[in-house]
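Q: I'm new to this one. Could you walk me through how to read it?

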Amino acid sequence: KNETGNVLPSLLENLYRFGFIFVDGTPLDDESVFKLCELIGGFVLQTVFGRLYVLGNTGLTHADIAYFNPALNGHTGHAYFATPAGLQAMHVTHHDGTGGLSLLVDGFKAAKDLYKEDPEAYEILTNTQLPFEYIGKEHVIHHFRPILEVDPIRKELIQLRYNNTRVGHLVHLSYEEMERFYDAIRLFGSILRREENELWFKLTPGRVIVMDNRRVLHGRSEVTGFRKLVGGYVSMDDYIGRWRAMKSHTENKS
């Protein structure tokens, strides 16, 4: 806490530093996730899933396997958007079964490992454009983007798009390009799945996780029983703007 007892500046600082934070003591109503997103970014993003989304593993509400029980490999959300959500908040408000462990992977760290082990594979994943897509009853979204997006001036990694279930046909690649791409993505996928790169934990009612969706991959183990998860999204620009404003205010007062 700072001198006023406000924990928000330290939360935003830790989110920027580590890529995720936990917020404990959160009420179990759906709107609490909405209020937390507003607190962090000022606005809650409207997406094809609504301003809040609820995963109840009771049927296909949207064109997404997350609405069922199977395990989900580590992935980033909204890979098919021109501008994916910057932050994602998730709150498991009820679970009367087993499984459903949550997974986090630091994609930036894994990308650095890839660069060290195979710079050519790293370059392939920064230069190969993939057709990420979402096909639902009311929405069809399709964008070509690389898995690893690098700032063209500073040459620094700025975001990942990693979701194998959202990649369309690779008909734009030659056989040689496709072969090199598959070799590179296999290596990167194996790095992401290394035990030392995976953080597994149980999300329980009252504990919300907020993660940097452009850096941190998330997933889960298979779920049994009824599990309700409430989530929301925040723009990266809104979050970074609020974090920098608070940081500047704190520095000026000191």
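Predicted model: local features only at pLDDT ≥ 70, side-chain atom pairs only at ≥ 80, totals over all residues.

## Reading the model

Q: Where does His78 sit, and what is its phi?
A: Helices (H or I, at least four residues) and strands (E, at least two) are DSSP runs, numbered from the N terminus. His78 is in the loop between β3 and β4. As for phi, most residues other than glycine have a negative one. His78 isn't a glycine, yet its phi is positive, about 60°.

Q: What about Lys155?
A: Lys155 also isn't a glycine, and its phi is positive at about 60°. You'll find Lys155 in the loop between β8 (148–150) and β9. Lys155 counts as exposed, with 59% relative accessibility.

Q: Where is Thr165, and is it buried or exposed?
A: Look in the loop between β9 (157–160) and α5. Thr165 has 55% relative accessibility, so it counts as exposed. From Thr165 to Gly19 it's 146 residues in sequence and 23 Å in space, C-alpha to C-alpha.

Q: How do I read a sheet, and in what order do the strands of the four-stranded one come?
A: Two strands pair if DSSP finds at least two bridges between them. Here the order is β3-β12-β5-β10, an open sheet with antiparallel pairing. At the edges are β3 (72–75) and β10 (198–201), each pairing on one side only. For angles, axes are lines fitted to C-alpha atoms (for helices, over the stretch in contact), and the angles run from 0 to 180 degrees between N-to-C directions. Ignoring direction, neighbouring strands of this sheet are turned by 15° against each other on average.

Q: How many bridges link β3 and β12?
A: Two, and β12 (residues 216–220) runs antiparallel to β3. Leu72, for example, has Arg220 as its bridge partner in β12.

Q: Which helix packs on that sheet?
A: Contact means heavy atoms within 4.5 Å. Helix α3 (residues 107–117) touches β5 (102–106) and β12, and its direction makes about 45° with that of β5.

Q: How do α3 and α4 meet?
A: Helix α4 covers residues 119–127, and the two pack at an angle of about 130° with their axes 5 Å apart. Angles under 35 degrees are roughly parallel, over 145 roughly antiparallel, 65 to 115 roughly perpendicular and the rest oblique. So α3 and α4 are oblique to each other. Their contact includes Ala111 and Leu114 from α3, and Pro119 and Leu125 from α4.

Q: How buried is strand β11?
A: Five of the five residues of β11 (residues 208–212) are buried, so the strand is largely enclosed by the rest of the structure. Val208, Val210 and Asp212 cover one side, Ile209 and Met211 the other, and all are buried.

Q: Which strands pair with β11?
A: Strand β1 (residues 20–23) joins β11 through four bridges, running antiparallel, with Phe20 partnered by Met211. Strand β4 (residues 87–95) is antiparallel to β11 too, over five bridges; there, Met90 partners Ile209. In β1, Ile21 and Val23 form a covered face, while Phe20 and Phe22 form an uncovered one.

Q: What is in the largest nonpolar core?
A: A nonpolar core is a set of buried Ala, Val, Leu, Ile, Met, Phe, Trp, Tyr and Cys residues joined through side-chain atoms within 4.5 Å. The largest has 47 residues, and Leu114, Leu125 and Phe181 are among those with the most contacts inside it. Helix α5 (residues 175–192) gives the most to this core, six residues. Setting aside residues up to four places away in sequence, Phe181 touches several others, including Ile124, Leu125 and Ile147. There's also a second, separate core of 22 residues, with Val23, Val44, Leu87 and Val230 among them.

How values were computed
Residues numbered from 1 in each chain as written. Heavy atoms only, no water. Buried < 20%, exposed > 50% of the residue type's maximum accessible area, 1.4 Å probe, protein only.
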